[in-house]
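Visitor: Could you walk me through a few contacts in this one? I have the sequence open beside the model.

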Amino acid sequence: MEPTWLEEARKAAARKPRSLLFLCVQNSARSQLAEALARHLAPAGVSVSSAGSQPATVRPQVLEVLSERGVSTSGLHSKSVDDLGDKVVDLVVTLCAEEVCPVFLKNVPHLHWALPDPARVQGEPARLDAFRQVRDELLVRLPVLFSVKGEDHV
């Protein structure tokens with residue numbers, strides 16, 4: 001039996017979203033990873049952004065695990081959902097697992113990918129490994145939204 005996220009992602013991909021928004025609370029880890037990886041994988045013309053309800057600072061581990069795969073970290077910074085204004089979004093993907101994700105754009109299709117917060121892991125190198133695990137899980141899920149093979153692009 002396929003995981004629920006896979007069926008939902010395929011349905012979302014069939015709608016061919018042109019603007020994706022990744023949300024979590026601090027916009028410092030999971031949603032930043034998702035934003036950078038989605039930008040890397042998305043077809044031309046697809047807009048990708050991320051935000052949080054309580055934005056913080058992008059975690060240095062995000063930059064490290066993305067650079068390990070040659071993914072650009074240019075322009076990554078934590079953003080508030082309040083700063084999005086009237087931004088057009090076709091699909092919202094929430095990534096919270098342990099906390100309550102922000103609610104945004106109720107009339108827009110949503111996916112919920114409950115991924116553990118790697119920043120909660122105590123001690124290095126365990127924390128860095130947790131960031132790699134989230135990155136690698138996103139590299140499995142994101143290509144489904146764009147109908148591409150993840151390993152072909154990263």
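Visitor: Which residues in α2 meet which ones in α3?

Guide: Bearing in mind that this is a predicted model, the residues Q32, L33, A36 and L37 on the α2 side meet V62, V65 and L66 on the α3 side. Sorted by class, that contact has six nonpolar residues and one polar residue, with no charged ones.

Visitor: And at what angle do α2 and α3 pack?

Guide: Helix α2, residues 30-41, and helix α3, residues 60-68, pack at about 30°, and their axes are 10 Å apart. Angles under 35 degrees count as roughly parallel, so α2 is roughly parallel to α3.

Visitor: Is that crossing left-handed or right-handed?

Guide: The crossing of α2 and α3 is right-handed.

Visitor: Switching topic, how many aromatic pairs are there?

Guide: The structure holds one aromatic pair. It is formed by W5 and W113, whose ring centres are 6.2 Å apart and whose planes stand at 80°, so the pair is edge-to-face.

Visitor: Where do W5 and W113 lie?

Guide: W5 belongs to helix α1 (residues 4-14), whereas W113 is in the loop between β4 (110-112) and α4 (126-146), so the pair ties together parts that are 108 residues apart in sequence.

Visitor: Are W5 and W113 buried or exposed?

Guide: Both W5 and W113 are buried.

Visitor: What about S19, why does that count as buried?

Guide: S19, which lies in strand β1 (residues 19-24), counts as buried because its relative accessibility is 7%, and buried means under 20%.

Visitor: What is S19 in contact with, leaving aside neighbours within four places in sequence?

Guide: With those neighbours left aside, S19 is in contact with S47, V88, V89, D90 and L91.

Technical notes
Residues numbered from 1 in each chain as written. Predicted model: local features only at pLDDT ≥ 70, side-chain atom pairs only at ≥ 80, totals over all residues. Heavy atoms only, no water. Phe/Tyr/Trp six-rings, centres within 6.5 Å; stacked < 30°, edge-to-face > 60°. Helix = DSSP H or I, 4+ residues; strand = E, 2+ residues; numbered from the N terminus. Buried < 20%, exposed > 50% of the residue type's maximum accessible area, 1.4 Å probe, protein only. Contact = heavy atoms within 4.5 Å. Axes fitted to C-alpha atoms, helices over the stretch in contact; angles between N-to-C directions. Parallel < 35°, antiparallel > 145°, perpendicular 65-115°, else oblique. Left-handed = near helix turned anticlockwise from the far one by under 90°. Nonpolar A, V, L, I, M, F, W, Y, C, P; charged D, E, K, R; others polar.
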